Amino acid sequence: MNAPLPKRIWQWFTRTRVGRSIFRIGLPESNLEQSQVMVSSFLLHVQPVKVHRHSLRASYSLGLGLILLYLFLILTGTGVLLMFYYVPSTEKAYDIMKDLQYVVSAGLVIRNMHRWAGHLMVLFVLLHMCRVFYTGAYKRPREFNWVIGVGLFLLTLGLSFTGYLLPWDQLAFWAITVGTNIAGYAPVIGTKLKYLMLGGNVVGQEALTRFYALHVIVLPTVALLMVAVHLWRVRKDGGLSRPDEPGDIVQQIELKQLPTNKTYGLMELARGTTPQVGKNPEDEVFAWPHLVFRELLLFLLVTAVVLFLAIFWNAPLEELANPIHPPNPAKAPWYFLGLQELVSYSAFWGGVVVPGLLVTALMLLPYMDRQRKGVGRWFARERVVANTIFSVCLVIAVVLTIIGTSFRGPNWGWVVPWKQPPAITEGH
Amino acid sequence: MNHSIPDNKKDVSRRGFFQLTLGWLAGSFAVAASAAGAVRFLVPNVLFEPSLRFKAGKPDDYPDGSVTFMEDERIFLVRQGNTFRCLSAICTHLGCTVNRADHGYHCPCHGSVFDDQGAVKSGPAPRGLEWFQVTLSKDNRLLVDKNQRVAADKYLVL
Ligand code: HEM
Ligand code: FES
């Protein structure tokens, strides 16, 4: 009776005919309703009714995958808003960016949100990958979800890179010129690939049209589908990875070994460590409220952080793109600066061989690493070799990126960040 | 009713085999052809870029010993005595526009340095700058053709 007013309004509403028709179950009051609410709502039914305590531990997953999902949603929302003004024309695009900054109400904040969420997405995709690696979470049966993850990693880079060109300022123009020229170093298909990407020989209107189509429809759609498969598999692979527990009932039913004279409902065929198999009921808690509310909280947190960044820091917009005067130095987007640093030694090795090998190694990793132990714990002793190799690669990549970002100035010469001269645009 | 589901995998009749092979072939062909068509569609047939062949004015517009930068075409026109040559201003490293320096050329992006012959002196550029063919048109104008690459020691002599 003494529930707070919003709750009472909600309870009244879900008991009206209209309310019941929409929500079926009101706020769950019993264990039964806690399960019912999860399967009777479209958005909630994607998730299990009960989750393992281990999966809820923030110190295990760090919520990184969820953060990525929310960033993706924020990017979709702000991106669609930007589309109401943006025109992919070399003559108009830059002026529209200026309009968004100075004329359109809230245009500045929305553009900033889109830009910062995009950068954060690249950052968190790397962090999420590291967490999955260091917890050994890519091992059986999650091998393929790791491969899907590598696909999402590449898509995220692609989304960010194609978006980079759209403001049509100096930063955009030269980053894409440098970036597509790196692609041009690929053996055999390099030049053709570059021609196809740009729709010509130089970064111009055709390139802008192509990057726009990729950025607003092709890549987001593919990414959305792959995120859906990725999340579906997290659930079908038995929720988040966790260490084996002594109390677990280990049941490895291979589908083929089932007796064939019986008909099974499809939903009953539980394989490996699906949520129903191999767990102690005591280790499970209801997803409502334990999971759902954590998710909501994290969503609010992510939105708040992005909004905070967008209010206090403006996305850069340099001068109008000018094909004659490259800024000195011309830099690719920050996540490619490690590559650009390598490319400044050798374009072929830095631009083709190293990234090619890295991506291949990432894709094959879960099939090469046969060690079954050490899943579900951070930095497991059993994984010391794998973790060391990964860490070395990671440190090299980070160091190269930091050098490329902060320690390279005009003529790609050494500078120290605290004395960095402003980029010069040279004349002839 | 009985659609002869073979109860054992090894029973593939000759007919079944052909149907299977043809089916797979037709299917793969359809997929490959659509993919090829889509890729071909994306390769432009007409470019709206500045023409690769263009007139660079009268020979006398360029004083002896001059190196003239032409913005839109991104080239340098080099005159020495009565010889004319045309050098690409696009860095062979990652496509920035190079600047004229005291002796040679210099790329601002990652610091490649080229000598007067366009050859790499230092920096990450893998190759020297390109030289393009220069000819004289019927109306006595210099005619540059960026489709025709020539060696550094090819001159138009007037
Ligand atoms: C758009 C990018 C991505 C999104 C939205 C996404 C989303 C998620 C979410 C929500 C989870 C659930 C648990 C968690 O929060 O960690 C998850 C788990 C997982 N992700 Fe991702 N992910 C993305 C990219 C990646 C990448 C780049 C990889 C690796 C290369 C990857 C591999 C995995 C694996 C193997 C799991 C299962 C982990 C476990 O069971 O402990 N994901 N992902
Ligand atoms: S583009 Fe000229 S040195 Fe890199």
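**Close-up views of the predicted model**

At 46% relative accessibility, Phe308(A) counts as partly exposed. The structure shown in each of the following views is a predicted model.

**View 1. A nonpolar surface patch on chain A includes Phe308(A).** Phe308(A) belongs to helix α14 of chain A, which spans residues 287-312. Together with Leu307(A), Ile311(A), Phe312(A) and Trp313(A), Phe308(A) forms a nonpolar patch on the surface. The accessible area of these residues together is about 550 Å². Because its relative accessibility of 46% falls between the limits of 20% and 50%, Phe308(A) is classed as partly exposed.

**View 2. Two histidines of chain A coordinate the iron atom of ligand 1.** The NE2 atoms of His128(A) and His230(A) coordinate the iron atom at 2.0 to 2.2 Å. The site has 6 donor atoms, with angles of 86 to 179° among them, and is octahedral. His128(A) is located in helix α9 (residues 107-134) and His230(A) in helix α13 (residues 205-236), so the pair ties together parts of chain A that are 102 residues apart in sequence. His128(A) is buried, at 18% relative accessibility, and His230(A) is buried as well, with a relative accessible area of 15%.

**View 3. Lys139(A), Asp369(A) and Arg383(A) are linked in a network of salt bridges.** The side chains of Lys139(A) and Asp369(A) meet in a salt bridge with an N to O distance of 2.9 Å. Lys139(A) lies in the loop between α9 and α10 (143-165), and Asp369(A) in the loop between α16 (347-368) and α17 (384-406), so this pair ties together parts of chain A that are 230 residues apart in sequence. Lys139(A) is buried, with a relative accessible area of 3%, and Asp369(A) is buried at 18% relative accessibility. Asp369(A) also forms a salt bridge with Arg383(A), in which the closest N and O atoms are 3.3 Å apart. Both of these residues lie in the loop between α16 and α17 of chain A, so the pair ties together parts that are 14 residues apart in sequence. Arg383(A), like Asp369(A), is buried.

**View 4. A salt bridge in chain B joins Glu130(B) and Arg149(B).** The closest N and O atoms of the pair are 3.7 Å apart. Glu130(B) is in the loop between β8 (120-122) and β9 (131-136), while Arg149(B) is in strand β10 (residues 142-150), 19 residues apart. Arg149(B) is exposed, with a relative accessible area of 58%. Over all chains, a search of the whole structure finds 10 salt bridges.

Definitions and conventions:
Residues are numbered from 1 along each chain as its sequence is written. Chains are lettered from A and ligands numbered from 1 in the order in which they are written. This is a predicted model: local features need pLDDT of at least 70, side-chain atom pairs count only at pLDDT 80 or more; totals for chains, interfaces and linings use all residues. Side-chain values use heavy atoms; hydrogens and water are left out. Donors are N, O and S atoms within 2.8 Å of the metal (3.2 Å for Na, K and Ca); water is not among the atoms, so sites may look incomplete. Four donors count as tetrahedral if all angles lie between 85 and 135 degrees; four count as square planar and six as octahedral if opposite donors are over 155 degrees apart and all others between 65 and 115; anything else is irregular. Helices (H or I, at least four residues) and strands (E, at least two) are DSSP runs, numbered from the N terminus. Buried means under 20% relative accessible area, exposed over 50%, partly exposed in between (1.4 Å probe, protein chains only). Patches are made of residues with over 30% relative accessible area and no salt bridge: like charges are joined within 9 Å, nonpolar side chains (Val, Leu, Ile, Met, Phe, Trp, Tyr) within 5 Å. Accessible areas come from the Shrake-Rupley method with a 1.4 Å probe; for residues, only the protein chains shown count as cover. A salt bridge is a side-chain nitrogen of Lys or Arg within 4 Å of a carboxyl oxygen of Asp or Glu.
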